[in-house]
Amino acid sequence: VQIRCAHCFVLDFWLGLLDIFFSPEVLVEEVFERVEIESCIMASIPQNLLDKFDKLCNQDRHAQCEYFLRSFIFALEDWKEVGRLSTTFNKYLSDYCVEEGMLDATQAADFLQKNGKTRTALQRKNELRDVDLNFDEKISFVEYLLLHYKGVILREYYKRHNKEPEEDLSNEAVGVTGVGEKLLEELFTLPIGLDPALEKAIEEFTAAKRARENKMKDLADRAAQGGVKAMTAKNELAQMQSEDGTAMNRQELTLDAAKRKASKQSGDVALKQKQKAKEEEERQKKEESRQRLAARAAMFK
């Protein structure tokens with residue numbers, strides 16, 4: 001009943017927009033198609049994952065970046081690319097005066113075209129729709145990361161489940177859709193044996209990045225006001241922009257060292273140990289069951 005009500009609400013919302021802004025005869029088919037797709041996704045993904053994801057999407061870009069790194073720091077060949085994408089995403093928001101920190105469908109398609117792998121316009125549309133897993137018609141930074149690293153995430157998913165991929169993951173899974181539940185499940189499954197020192201290094205890296213960007217934004221705002229103080233702010237901002245990023249480089253080195261110390265091998269060993277313990281537990285249950293059956297059979301001899 002709740003799912004049906006939610007679907008009706010989505011449909012009523014979209015039809016209401018159509019009545020106000022557009023001709024229903026032109027767009028009603030597309031609206032029904034989207035409602036049908038969203039209804040299927042909502043029905044297939046556990047509500048607790050959708051709730052957790054919606055909460056993450058409503059946090060700032062740095063918090064989203066931090067969580068993504070915690071989940072996939074070992075799987076990424078170049079984790080620093082996530083930081084660079086965060087900066088690029090922020091610049092795009094600034095250049096196009098997007099204040100809410102999320103991209104609409106057109107902006108997201110443009111950003112993906114400029115920063116992701118080559119896709120057709122239809123592929124961009126369908127894949128962006130596939131990662132809009134809080135169904136708000138916007139793409140947050142973490143949603144973009146799910147798309148950008150979809151191939152990596154799906155490989156981790158199947159590796160953890162010890163299964164062969166069901167989708168074509170060549171070319172980093174370009175064109176693959178219908179995998180929202182797998183992406184969310186893997187996002188919210190943190191690596192086993194994640195070293196607290198590594199978690200702290202990730203937190204410090206994102207905190208330093210947040211502080212630097214906030215300071216630069218504050219200086220830019222003050223520089224735009226005019227006057228003597230504005231000139232001072234402008235000079236300080238220019239100095240920060242011309243710096244070689246020594247402070248951030250130091251944070252990256254610290255995080256690199258923490259990652260090496262934790263090492264992916266330790267995570268793999270922990271995973272194998274957990275799987276082995278699970279297998280042993282199942283073996284013992286079967287043995288106990290066999291012994292109970294044998295004991296009952298002996299009673300009738």
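**The pocket and its helices**

Which helices each supply at least two residues of the lining of the largest pocket? In this predicted model, local features need pLDDT of at least 70 and side-chain atom pairs count only at pLDDT 80 or more, while totals for chains, interfaces and linings use all residues. Residues are numbered from 1 along each chain as its sequence is written, and side-chain values use heavy atoms, with hydrogens and water left out.

The helices in question are H4 (61–72), H5 (80–95), H11 (196–223) and H13 (246–262), a helix being a DSSP run (H or I) of at least four residues, numbered from the N terminus. H11 gives the most to this lining, with 9 residues.

**Lining and volume**

The largest pocket is lined by 36 residues, and nearest its centre lie Arg61, Asn90, Lys91, Ser94 and Glu213; a pocket here is an open set of points on a 1 Å grid over the protein atoms alone, where a 1.4 Å probe fits, with protein on both sides within 12 Å along at least five of seven lines, and lining residues have an atom within 4 Å of a point. By class, the lining has 13 charged, 13 polar and 10 nonpolar residues.

**Overall fold and cysteines**

The protein has 14 helices and 0 strands. Of its 301 residues, 37% are buried, where buried means under 20% relative accessible area and exposed over 50% (1.4 Å probe, protein chains only).

A search of the whole structure finds 0 disulfides, a disulfide being a pair of cysteine sulfur atoms within 2.5 Å. Cys57 counts as buried because its relative accessibility is 1%, whereas Cys97 has a relative accessible area of 64% and is therefore exposed.

Note on methods:
Nonpolar A, V, L, I, M, F, W, Y, C, P; charged D, E, K, R; others polar.
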